[in-house]
Amino acid sequence: MSNKVEITGGDKMDEEIMADFSQRFNEMRLRSHLVDCTFKVNGGDKLYNCHKLILAAASPVFEAMFYGALAEKQTVKIADIRPCVFERMLDFIYVGTVDFDAIANIEETLELYYCAQKYMIDSLHKQCVNYFGNNIKPNNVLKILDIAYSMNLEDIIFSCLCVLKHFLSSGMSLSNIILESSHHLSKSCVDLILEDNYEVKDNIICMIRAWCITECEQNRLEMCSDSLKTVLQDIELPDKLKDTIVDCSFTSFQPITTGDKYSWTPIQRIHYKAVRPLIIGDEMSFEASLTCNRFIVLKSLSANTRLTPQLLSLDLQRRDTYTENVTVEICSKFNNKVETIYQEQHLICDVPFNTSMEVKLEHQIVLFPDIAYLVRIKWGPESLGYEYPRSILSSYGKSKNFRVNFSENIYLETDGSILNGIVCDLYK
């Protein structure tokens, strides 16, 4: 037992001594004390003075550079690394640790990995790979993959593709992340993703459609079928699938198979004032259009219920609820083309008078941010004479992450709306 304690204590002492020496060497570098080599990085004005022996001990590339047959005699010029990243690499060589939390962005971390690869610093390479292995998330996997692909960082590319394949196979689309990201994916990266995920499903169609939207924005193209065809022209996909992506105005929703559940959000419009009610018979349907700025999963509609009838039979006087029977139709409008994407009859029991009801769709659908949708609620002859309250409502509703715009159908010459909002969530 005593021998084990002594060895452990010796190991700790050795680590402390090594750390102390490393710190001293780094301080000597920072003070340019006893240095014997100089670097000029990426055309910057600052010169980095170092010790050949320490660099050579950390990297076989530096060993060959300073002690090989063609050893450098003058200032070494480096053109493919930024000064801040080169300095982090020097800190690692001298001290042996990297504070990844202090690194400003993903690009800098990937560039540090590139340094480890270029100069064959195995310990730095391992730390970078471990860092990315633990920190690739849905909100950064595409950006990391794109930059790593442009820099030919094979280990990071492989890690990203494995993680991305898992995300896509579980039902994620990452479409909204593409729309929100300041980093625009390259066409070559999109090709790489599709090559590794050859079975194109609805969620991948949404991801490609999101990329098309950002590509149109980048090239200042109007969002239309011709623009979509233009940006898809060089993407390695069968023509039939390209046509599907261009003509697609919605997709069915498949719940994610992982533990990440949807948190349904009610998007409510602000009430301004009441107006003349909608009387069934004068009008047999109500129409409103909606658009959104993100890919959303539509779960249900929130609409006003009937006003309490003025003339009630003795049987109805005992009731506070009624049975609603409506047909809900949702159409997409894109390039002057109207397509019915949802049409179902809804029989809703025990609906209270003078309030609002949630009309749950029989199957949830994913709405696209570049498409306008027409929502139509229709009543049958059994509803003749009943009245539904209408109000002037705000033209939009929003949550923290997205916004939905509403407008009523002016062709019906109606004022106000019975559509109070929707229940939905971002398509993950």
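Q: What makes strand β7 and β12 count as paired?
A: Strand β7 (residues 285–292) and β12 share six bridges and run in the antiparallel sense. Pairing takes at least two bridges, so six bridges are enough to call β7 and β12 paired. Keep in mind that this is a predicted model.

Q: Which residue of β12 is the bridge partner of S289?
A: That's L374.

Q: What is the order of the strands in the open sheet?
A: Six strands line up as β10-β9-β12-β7-β15-β14, with antiparallel pairing.

Q: Why are β10 and β14 said to stand at the edges?
A: β10 (337–352) and β14 (396–398) each have a single partner strand, so one side of each has no neighbour in the sheet.

Q: Why is R376 called buried?
A: R376 sits in strand β12 (residues 372–379). Its relative accessibility is 17%, and buried means under 20%, so R376 counts as buried.

Q: Which residues does R376 touch, not counting those up to four places away in sequence?
A: R376 touches S285, F286, E287, T327, V328, E329 and C331.

Q: What makes the link between the side chains of R376 and E287 a polar contact?
A: The two side chains are joined at 2.6 Å.

Q: How do you know that the length of helix α11 agrees with what it should span?
A: Helix α11 (residues 202–218) has 17 residues, and at 1.5 Å a residue it should span 24 Å. Its end C-alpha atoms are 24 Å apart, so the two values agree.

Q: Why is α11 called largely enclosed?
A: Of its 17 residues, 14 are buried, so the rest of the structure largely encloses α11. Just after α11 comes R220, which takes a positive phi of about 55°.

Q: How many disulfides does the model have?
A: The count comes to zero. Take C248: the nearest cysteine sulfur belongs to C206 and is 6.7 Å away. A disulfide needs the sulfur atoms within 2.5 Å, so C248 is in no disulfide.

Q: Is C248 buried or exposed?
A: C248 has a relative accessible area of 13%. The cut-off for buried is under 20%, so C248 is buried.

How values were computed
Residues are numbered from 1 along each chain as its sequence is written. This is a predicted model: local features need pLDDT of at least 70, side-chain atom pairs count only at pLDDT 80 or more; totals for chains, interfaces and linings use all residues. Side-chain values use heavy atoms; hydrogens and water are left out. Helices (H or I, at least four residues) and strands (E, at least two) are DSSP runs, numbered from the N terminus. Buried means under 20% relative accessible area, exposed over 50%, partly exposed in between (1.4 Å probe, protein chains only). Contact means heavy atoms within 4.5 Å. A polar contact is a pair of N or O atoms within 3.5 Å; within protein, one must be able to donate a hydrogen and the other to accept it, and residues adjacent in sequence count only if both atoms are side-chain atoms. The expected span of a helix is 1.5 Å times one less than its number of residues.
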